[in-house]
Amino acid sequence: MNSSDSHPPRGTMPVCILLSVHNGVAFLEDLLRSLGQQTHADWRLLWRDDGSTDDSTRIMQRFADSQPAGRCVQITQNAGRLGVAGSFGLLLDHVPAGHAAAFCDQDDVWFPDKLDRAARALSPFHEADRPALYCSRQILTDSALARLGPSPALPPEPAFSMALTQNIATGCTVMLSPAAIRLVRAAMPPPAGTLHDWWSYLLVSGAGGQVVTDNQPTLYYRQHQSNAVGAPAHVAARALAALRRGPALFMSTFRANVAQLLHHADLLTAQNAALLARLRQALDIPGPAGWLARSRLLRRTPEMQRVTPAEQMIFRLWFVLG
């Protein structure tokens with residue numbers, strides 16, 4: 001299923017926006033103003049302060065005072081610094097039954113129809129047992145919101161094997177259906193090195209859920225020195241960034257994801273759990289015999305690929321070398 005370009009009927013799915021704040025004074029007011037302009041009216045904001053030392057909390061409280069009573073709810077449980085994945089995991093625990101959840105970053109600016117596009121795309125899954133995740137492209141900007149260009153195009157039907165190689169579900173665009181929320185809660189926290197967005201994408205696709213990609217950008221995604229994760233706009237820049245990071249970090253994260261997903265194999269389809277078992281077996285074989293085993297596995301699993309040819313070549317090399 002591709003994007004919400006088919007424009008299903010406007011839904012009334014209630015949505016919780018999840019916002020983790022950490023020293024966000026420079027950008028928070030722009031974000032909050034854009035939340036207040038959303039055309040999808042049935043939303044509430046669940047937010048927590050992740051150990052800020054600036055006036056972020058005061059800005060949040062001022063915004064809450066400007067909204068209808070109960071629309072903005074501060075989560076004060078486990079106060080202090082939890083980090084990105086831990087903070088969003090805690091917020092996810094507080095989403096009421098029957099609500100979708102939209103991850104939100106403090107430094108972005110949402111387009112007015114962002115929530116509406118995502119809610120309409122997930123409306124067929126509002127009461128379904130099958131989990132669903134929506135994600136979209138973004139317009140990348142500098143810190144002053146000067147446009148740098150769109151993020152890379154998203155594939156129409158990303159499979160679990162693709163999710164293992166690369167995260168395409170940028171957190172600030174992600175919305176989870178109620179069933180997806182239950183699934184992700186059951187498998188939190190993610191392994192070290194993997195954030196809440198990639199982990200959600202892995203779990204939903206691994207469980208046989210629906211990943212809905214929308215190639216219409218839904219927000220301005222600032223690129224600046226304080227980003228938890230950046231998103232180079234161009235293919236060459238993405239490939240070069242991957243080369244600079246080198247294979248050790250990627251393969252460490254890859255192995256950790258495989259191991260943690262196998263720990264939750266009961267949440268996955270039998271086919272995807274079997275793929276993970278084959279991956280772990282191949283990764284455990286040392287030396288040239290391992291190179292050969294991993295090369296064979298790649299040939300037998302052609303859908304295990306990254307979005308662009310350049311990134312795919314890098315992935316194949318790193319995976320074979322282990």
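This is a predicted model: local features need pLDDT of at least 70, side-chain atom pairs count only at pLDDT 80 or more; totals for chains, interfaces and linings use all residues.

Biologist: What makes β1 mostly covered?

Modeller: Buried means under 20% relative accessible area. Seven of the seven residues of β1 are buried.

Biologist: How do you know that β1 and β2 pair?

Modeller: Two strands pair if there are at least two bridges between them. Seven bridges join β1 to β2, so the pair meets that cut-off. The two strands run parallel. In this pairing L19 stands opposite W47 of β2.

Biologist: And β6 with β9: what makes them a pair?

Modeller: The cut-off is at least two bridges. Two bridges join β6 (residues 132-136) to β9 (residues 175-176), so they count as paired. These strands run antiparallel. L133 stands opposite L176 in β9.

Biologist: Where do these strands sit in the sheet order?

Modeller: Seven strands form an open sheet, in the order β3-β2-β1-β4-β9-β6-β10. The pairing is mixed.

Biologist: Why are β3 and β10 called edges?

Modeller: Each has a single partner strand, so one side of each is left without a neighbour in the sheet. β3 covers 72-74 and β10 covers 210-214. Helix α2 (residues 56-66) packs on this sheet and touches β1, β2 and β3. The direction of α2 makes about 160° with that of β2.

Biologist: Which strands form the four-strand sheet?

Modeller: The order is β5-β11-β7-β8, again an open sheet with mixed pairing. Its edge strands are β5 (109-110) and β8 (147-150), and each pairs on one side only. Within it, β7 (residues 139-141) and β11 (residues 219-222) pair in the parallel sense over three bridges. I139 has Y220 as its bridge partner in β11.

Biologist: Why is F88 called buried?

Modeller: The limit is under 20%. F88 has a relative accessible area of 3%, so F88 is buried. F88 is in helix α3 (residues 84-93).

Biologist: What is F88 in contact with, leaving aside neighbours within four places in sequence?

Modeller: L18, L19, S20, F103, C104, D105 and H196. F88 and P189 are 101 residues apart in sequence, but 9.9 Å apart in space, C-alpha to C-alpha.

Biologist: Which residues of α6 are buried, and what do they pack against?

Modeller: In α6 (residues 178-186), P178, A179, A180, I181, L183 and V184 are buried. They pack against α3, β4, β6, β9 and α7.

Biologist: How do you know that the buried residues of α11 line one face?

Modeller: Seen down the axis of α11, they fall within an arc of 140°, so they line one face of the helix. They are G290, A293, R294, L297 and L298. The face turned away carries the exposed residues P288, R299 and R300. The buried residues of α11 pack against α10 and α12.

Biologist: How does the span of α12 agree with what 13 residues should give?

Modeller: At 1.5 Å a residue, α12 should span 18 Å, and its end C-alpha atoms are 18 Å apart. Just after α12, G322 takes a positive phi of about 75°.

Biologist: Which residues touch the most other members of the largest nonpolar core?

Modeller: L18, F254, L279 and F319, in a core of 54 residues. A second, separate core has 34 residues, including L32, C72, M175 and Y221.

Conventions. Residues are numbered from 1 along each chain as its sequence is written. Side-chain values use heavy atoms; hydrogens and water are left out. Contact means heavy atoms within 4.5 Å. Axes are lines fitted to C-alpha atoms, for helices over the stretch in contact, and angles run from 0 to 180 degrees between N-to-C directions. A nonpolar core is a set of buried Ala, Val, Leu, Ile, Met, Phe, Trp, Tyr and Cys residues joined through side-chain atoms within 4.5 Å. Buried means under 20% relative accessible area, exposed over 50%, partly exposed in between (1.4 Å probe, protein chains only). The arc is that of the directions from the helix axis to the C-beta atoms. The expected span of a helix is 1.5 Å times one less than its number of residues.
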